[in-house]
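Take a look at the structure below, then try each task before you read its solution.

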Amino acid sequence: MSDVLSTIAASPWALVAMFGLVLGDAFLVVIPGETAVTALAALSVVTGEPGLLGIIAVAALAAFLGDTVCYLVGRRVGLERWAWMRRPRIAGAFSWARARLARSTAAIVFTARFIPFARLAVNLTAGASGVTAPRYLPLAALAALGWACYQALVGTVVATLLPDAPVLAILASIAVALLLGVALDAALAARWRRTPGA
């Protein structure tokens, strides 16, 4: 199994596959972009390849590009053109994102980057509601970098704690990333429910 992991880690396709998953995750929240970054970071600790800085850079670039495309779709298409956008829950999510963008663009762009569906809603709404590109793009880039560092850190910490069990380290890092994501999502949802006018 160690040889298989080393082969995967040394392959130039590992970063390409992660890039594709993170980029796709911007549009389809079921694509495991987060877990790809976390698993590859754990693999980096276990095998020494690919380099951790490369993982963070590629993940941040893919996340930024995906968020930017969603922003441009929102700007070009709006929030009502397609039938799925007019469903009550989706329209409610857009309304929620619009209210928060008006209050604090930086805080919501950073926070939403860590929550899959909120990220999609915020990026589309930012484009549709006229948040300017000079205001949005630097925030999206910083949020993408912060997100990539966080995901890589989770994989790194778990793999460091389990250095003699590479497969377990990778699986555990994915599980920890998923649990942290669910916990963050629940905590933020609870906070927003308590906020007046949320």
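**Exercise 1. Find how many aromatic pairs the model has, and describe how the rings of Tyr71 and Tyr136 are arranged.**

Solution. Bear in mind that this model is predicted.

Step 1: The count comes to 2 aromatic pairs.

Step 2: For Tyr71 and Tyr136, the ring centres lie 4.1 Å apart, with 5 degrees between the planes. Planes under 30 degrees apart count as stacked, and this pair is stacked.

Step 3: Now place the two residues in the chain. Tyr71 belongs to helix 4 (residues 52-77) and Tyr136 to helix 8, so the pair links distant parts of the chain, 65 residues apart.

Step 4: Check the surroundings. Buried means under 20% relative accessible area. Tyr71 has 1% relative accessibility, so Tyr71 counts as buried. Tyr136 is buried too, with a relative accessible area of 0%.

**Exercise 2. Decide whether the rings of Phe114 and Tyr150 are stacked or edge-to-face.**

Solution. 

Step 1: A pair of aromatic rings is described by the distance of the centres and the angle of the planes.

Step 2: The ring centres of Phe114 and Tyr150 are 5.4 Å apart, and the planes stand at 75 degrees. Because planes over 60 degrees apart count as edge-to-face, this pair is edge-to-face.

Step 3: Phe114 sits in the loop between helix 6 (105-112) and helix 7 (116-128), while Tyr150 is in helix 8, so the pair ties together parts 36 residues apart in sequence.

Step 4: Tyr150 has 27% relative accessibility, so Tyr150 counts as partly exposed.

**Exercise 3. Work out how helix 3 and helix 8 pack.**

Solution. 

Step 1: The axes of helix 3 (residues 33-47) and helix 8 (residues 133-161) are 7 Å apart, and the angle is about 45 degrees. That makes helix 3 oblique to helix 8.

Step 2: The crossing of helix 3 with helix 8 is right-handed.

Step 3: Look for the residues that touch. On helix 3 they include Gly33, Val37 and Ala41, and on helix 8 they include Trp147, Ala148 and Gln151. By class, this contact has 10 nonpolar, 6 polar and 1 charged.

**Exercise 4. Classify the angle between helix 2 and helix 4.**

Solution. 

Step 1: The axes of helix 2 (residues 13-25) and helix 4 come within 8 Å and cross at roughly 30 degrees. Since angles under 35 degrees count as roughly parallel, helix 2 is roughly parallel to helix 4.

Step 2: This crossing of helix 2 and helix 4 is right-handed.

Step 3: Among the contact residues are Leu15, Met18 and Phe19 of helix 2, with Gly54, Ile55 and Val58 of helix 4. The classes come to 12 nonpolar, 2 polar and no charged residues.

**Exercise 5. Summarise the whole protein: how many helices and strands does it have?**

Solution. 

Step 1: The protein has 9 helices and 0 strands.

Step 2: Of its 198 residues, 41% count as buried.

Key. Residues are numbered from 1 along each chain as its sequence is written. This is a predicted model: local features need pLDDT of at least 70, side-chain atom pairs count only at pLDDT 80 or more; totals for chains, interfaces and linings use all residues. Side-chain values use heavy atoms; hydrogens and water are left out. Axes are lines fitted to C-alpha atoms, for helices over the stretch in contact, and angles run from 0 to 180 degrees between N-to-C directions. Helices (H or I, at least four residues) and strands (E, at least two) are DSSP runs, numbered from the N terminus. Angles under 35 degrees count as roughly parallel, over 145 as roughly antiparallel, 65 to 115 as roughly perpendicular and the rest as oblique. A crossing is left-handed if the near helix is turned anticlockwise from the far one by less than a right angle, and right-handed if clockwise. Contact means heavy atoms within 4.5 Å. Ala, Val, Leu, Ile, Met, Phe, Trp, Tyr, Cys and Pro count as nonpolar, Asp, Glu, Lys and Arg as charged, and the others, Gly among them, as polar. Rings of Phe, Tyr and Trp (its six-membered ring) pair if their centres lie within 6.5 Å; planes under 30 degrees apart count as stacked, over 60 as edge-to-face and the rest as tilted. Buried means under 20% relative accessible area, exposed over 50%, partly exposed in between (1.4 Å probe, protein chains only).
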